[in-house]
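Here are my notes after a pass through this one, written as numbered points. Have the model open while you read.

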Amino acid sequence: MKTIDDLVQEGVAGKRVFVRADLNVPLDGSTITDDGRIRAVQPTIAKLAASGAKVIVASHLGRPKGAPDPAFSLAPAARRLGELLGQDVAFATDTVGESAASVVAGLADGEVAVLENLRFNAGETSKDDAERGAFADQLAALADLYVGDGFGAVHRKHASVFDLPKRLPHAAGDLIATEVGVLKKLTEEVRRPYVVVLGGAKVSDKLGVIDNLLKKADRILIGGGMAYTFLAAKGHEVGISLLQKDQIPVCLEYLAEAEKRGVEFVLPVDVLVSADFPDLKTKAPANPELVAADAIPADKEGLDIGPKTRELYAAKLADAGTVFWNGPMGVFEHPDYANGTKAVAQGLLDSDAFTVVGGGDSAAAVRLLGFDENAFGHISTGGGASLEYLEGKTLPGLAALED
């Protein structure tokens, strides 16, 4: 896979370089609530600009329906990128129309522009190869070179991720190179014991990764909403907790497979419950009740792991050589249900392990809860992409860069 350093060495001065970034940041109106993904790609953009390239940055944000939607505009991300770069960043109000053509034509060497949300064009996400390819042709007309650095999107067969690099000389950006290097440490060069911590809402989101990691991990610790389907599989009452009944047979298979392989499969032993979901805007006191994990009242919902589980998970992390963590342990956005996620994050820091925080809500939790990002081995920018890589899947965006 060619790298951005290879491109710079060959010379990018005066050339239009299309950077497929991942600026898919959470917004509260027009306010960015977590700029981690913008900060992650900023070094690649800065390197190209410093080398005299005319840098065209493109990304998706959210899931608009293939047409412009002001709620999903990349304008706030463009402004934040300019602040991080310390230079003006031009903004095109479309993807391949008059504004994009004019903004790109106006770039001087070393300048940067951001195109509007790629998903405002239906061709970006189309499952029709011809429609997707036609959009990729329009994007290719804007640039001379392509740099893929949107790791959070490389598992998508989208025009800007998969089709566009086939139309231009291409290379991987620094962020993608780093992400792939880290994931290899989780699949090919593992220091043991290898502990995997999985949380988040649904078991179904993690089926493939559990299946694959049962063959690689020494311990798997389960938290978050997905824990209640496993608890139900063991015959426990889970009240009104998040539950995927259709996944109970699969959970039973995984528990049996873990026992067969000698993999520790650890579930919560106590949980914080409530009859009401907490108010995440006002953060009003929620007054949770602590119960044993096998004694959840029928009218209550599990919202975080309890103190005994926090101690148990910290002990299971203490001697780890490698830790991969994806998914919070509870509703971490509310202070009354944040302690489980805090305990896991602290457990990673207290270990001597190579630690990887697998993107998405886990990365947001690390920042929201005040942890030093640099204290972890790596914080991924792509939750879904990381999981699919660990499942052993071929990621379209990486495959396109390897050609």
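1. Is glutamate 10 buried or exposed? Its relative accessible area is 53%, so glutamate 10 falls in the exposed class, for which the cut-off is over 50%. Bear in mind that this is a predicted model. Glutamate 10 has a salt-bridge partner in lysine 2, with 2.9 Å between the closest N and O atoms. Lysine 2 is partly exposed, at 33% relative accessibility.

2. Staying with charged pairs: the search over the whole structure turns up 23 salt bridges. Side chains of opposite charge can pair when their charged atoms come close.

3. Now a local pair. Aspartate 129 bridges to arginine 132, with the closest N and O atoms at 3.0 Å. The two are three residues apart in helix H5 (residues 129–140), about one turn of the helix. An α-helix has 3.6 residues a turn, so residues three or four places apart point the same way. Arginine 132 is buried, at 2% relative accessibility. Elsewhere, salt bridges with shared partners join Asp34, Asp35, Arg39, Arg80, Glu83, Arg367 and Glu373 into one network.

4. How many residues of helix H14 are buried? Seven of the eight in H14 (residues 383–390) are, so the helix is mostly covered. The buried ones are Gly383, Ala385, Ser386, Leu387, Glu388, Tyr389 and Leu390. Their cover includes helix H7 (174–187), helix H8 (207–213), strand E15 (322–326), helix H13 (360–368) and helix H15 (396–402). After H14 comes glycine 392, with a positive phi near 90°.

5. Another glycine to look at is glycine 97, in the loop between strand E5 (89–91) and helix H4 (98–105). Glycine 97 is partly exposed, at 26% relative accessibility. From proline 70, glycine 97 is 27 residues away in sequence and 17 Å away in space, C-alpha to C-alpha.

6. On to the nonpolar packing. The largest nonpolar core contains 70 residues, and Phe230 and Phe265 have the most contacts inside it. Helix H9 (residues 227–233) is the top contributor to this core, with six residues. Leaving out residues up to four places away in sequence, phenylalanine 265 touches Ile210, Leu214, Ile220, Ile222, Phe230, Leu255 and Ala258. There is also a second, separate core of 28 residues, with Leu23, Val55, Val147 and Ala171 among them.

7. Last, the second largest pocket, which holds about 490 Å³ of space. Its lining has 15 residues, and Pro26, Thr33, Phe332, Glu333 and Leu368 are the ones nearest the centre. H13, already named as cover for H14, gives the largest share of the lining, five residues. Strand E2 (27–28) and H13 each supply at least two. By type, the lining of this pocket splits into six nonpolar, two polar and seven charged residues.

Notes. Residues numbered from 1 in each chain as written. Predicted model: local features only at pLDDT ≥ 70, side-chain atom pairs only at ≥ 80, totals over all residues. Heavy atoms only, no water. Salt bridge = Lys/Arg side-chain N within 4 Å of Asp/Glu carboxyl O. Buried < 20%, exposed > 50% of the residue type's maximum accessible area, 1.4 Å probe, protein only. Helix = DSSP H or I, 4+ residues; strand = E, 2+ residues; numbered from the N terminus. Contact = heavy atoms within 4.5 Å. Core = buried A, V, L, I, M, F, W, Y, C linked by side-chain atoms within 4.5 Å. 1 Å grid on protein atoms, 1.4 Å probe; cavity = no way out; pocket = protein on both sides within 12 Å on 5 of 7 lines; lining within 4 Å. Points joined across faces, edges and corners; volume = space filled by probe spheres on them. Nonpolar A, V, L, I, M, F, W, Y, C, P; charged D, E, K, R; others polar.
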